[in-house]
Amino acid sequence: MTQTLQENGIRWLEQAGVRPTRQRVTLASLLVGDGQHRHVTAESLFEAAKGQGDAVSLATVYNTLRAFCGAGLLQEVTVDGSKSYFDTNTHEHPHFYWEDDSKLTDAPADQLVISGLPDAPAGAEIASVDVVIRLRRKGAAG
């Protein structure tokens, strides 16, 4: 891993007040080191770290991703109530979920129009609206 990727990862952590331990820097560098937004699962991030020779357990990856979410560095997007993706773009925006290959990508927020939300039950308020648009390639069985 290059020093620039690590420096970007450290900067990202420090801006959120997260202590840059070796394992956090490793994962942060994979997440934001190149300045690109990405959607990862704990398993895909674990494999990426392992692929470059970094010793990080899957449990550590899960715990670190949860800590990054708690610090506001990541947004968790749940698909099917069980599969969690972690998004480095923390601004509210819709997503496409590609069923054929279980990938999550950003959908164009400027094309989404939501109107007529139901009233929240008594004593509650709407905190946010999550939009995941499920896609499959044409001709794929479903």
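Guide: Glu47 is partly exposed, at a relative accessible area of 43%. Keep in mind that this is a predicted model.

Visitor: What does the side chain of Glu47 meet in a salt bridge?

Guide: Lys50; the N to O distance for that salt bridge is 3.6 Å.

Visitor: How far apart are Lys50 and Glu47 in helix α3?

Guide: Three residues, which means the two are separated by about one helical turn in α3, residues 42-51. Lys50 is partly exposed, with a relative accessible area of 48%.

Visitor: Why would such side chains pair at all?

Guide: Opposite charges on side chains can pair when the charged atoms come close.

Visitor: How many salt bridges are there?

Guide: The count is eight. One of them joins Glu76 and Arg66, at 2.8 Å from N to O. Glu76 belongs to strand β2 and Arg66 to helix α4 (residues 58-70), so this pair ties together parts that are ten residues apart in sequence.

Visitor: Now strand β2. Which residues are on its covered face?

Guide: Gln75, Val77 and Val79 make up the covered face of β2, residues 75-79. Glu76 and Thr78 are on the uncovered face.

Visitor: And how many bridges join β2 to β3?

Guide: Five, and the two strands run antiparallel, with β3 spanning residues 83-87. Within that pairing, Val79 stands opposite Lys83, and Thr78 stands opposite Ser84.

Visitor: What sits between β2 and β3?

Guide: Three residues, and the two strands form a hairpin. Asp80 lies in the turn, with a positive phi of about 60 degrees.

Visitor: Which strands form the open sheet, and in what order?

Guide: The order is β1-β3-β2, with antiparallel pairing. At the edges are β1 (39-40) and β2, each of which pairs on one side only.

Visitor: Back to Asp80. Which residues are linked with Asp80 in a network of salt bridges?

Guide: Glu99, Arg134 and Arg136. Within that group, the side chains of Glu99 and Arg134 meet at 2.7 Å, N to O. That pair links distant parts of the chain, 35 residues apart: Glu99 is in the loop between β4 (95-98) and β5 (103-106), while Arg134 is in strand β6, residues 132-135.

Visitor: How accessible are Glu99 and Arg134?

Guide: Glu99 has 25% relative accessibility and counts as partly exposed. Arg134 is also partly exposed, with a relative accessible area of 40%.

Visitor: Let's zoom out. How many helices and strands are in the chain?

Guide: Four helices and six strands. From the N terminus, the elements run α-α-β-α-α-β-β-β-β-β.

Visitor: What share of the residues counts as buried?

Guide: 30% of the 142 residues. The accessible surface is about 8800 Å², and carbon and sulfur atoms hold 48% of that.

Visitor: How far apart are the mean positions of the positive and negative charges?

Guide: They are 7 Å apart, for 13 positive and 18 negative charges.

Visitor: Last one: what box do the C-alpha atoms fill?

Guide: Roughly 50 × 45 × 30 Å, taken along the principal axes. As for contacts with a separation of 6 or more, residues 24 or more positions apart account for 44%.

Technical notes
Residues are numbered from 1 along each chain as its sequence is written. This is a predicted model: local features need pLDDT of at least 70, side-chain atom pairs count only at pLDDT 80 or more; totals for chains, interfaces and linings use all residues. Side-chain values use heavy atoms; hydrogens and water are left out. Buried means under 20% relative accessible area, exposed over 50%, partly exposed in between (1.4 Å probe, protein chains only). Contact means heavy atoms within 4.5 Å. Accessible areas come from the Shrake-Rupley method with a 1.4 Å probe; for residues, only the protein chains shown count as cover. Lys and Arg count as positive and Asp and Glu as negative; His and the chain ends are not counted. The place of a charge is taken as NZ of Lys, CZ of Arg, CG of Asp or CD of Glu. Two strands pair if DSSP finds at least two bridges between them. A salt bridge is a side-chain nitrogen of Lys or Arg within 4 Å of a carboxyl oxygen of Asp or Glu.
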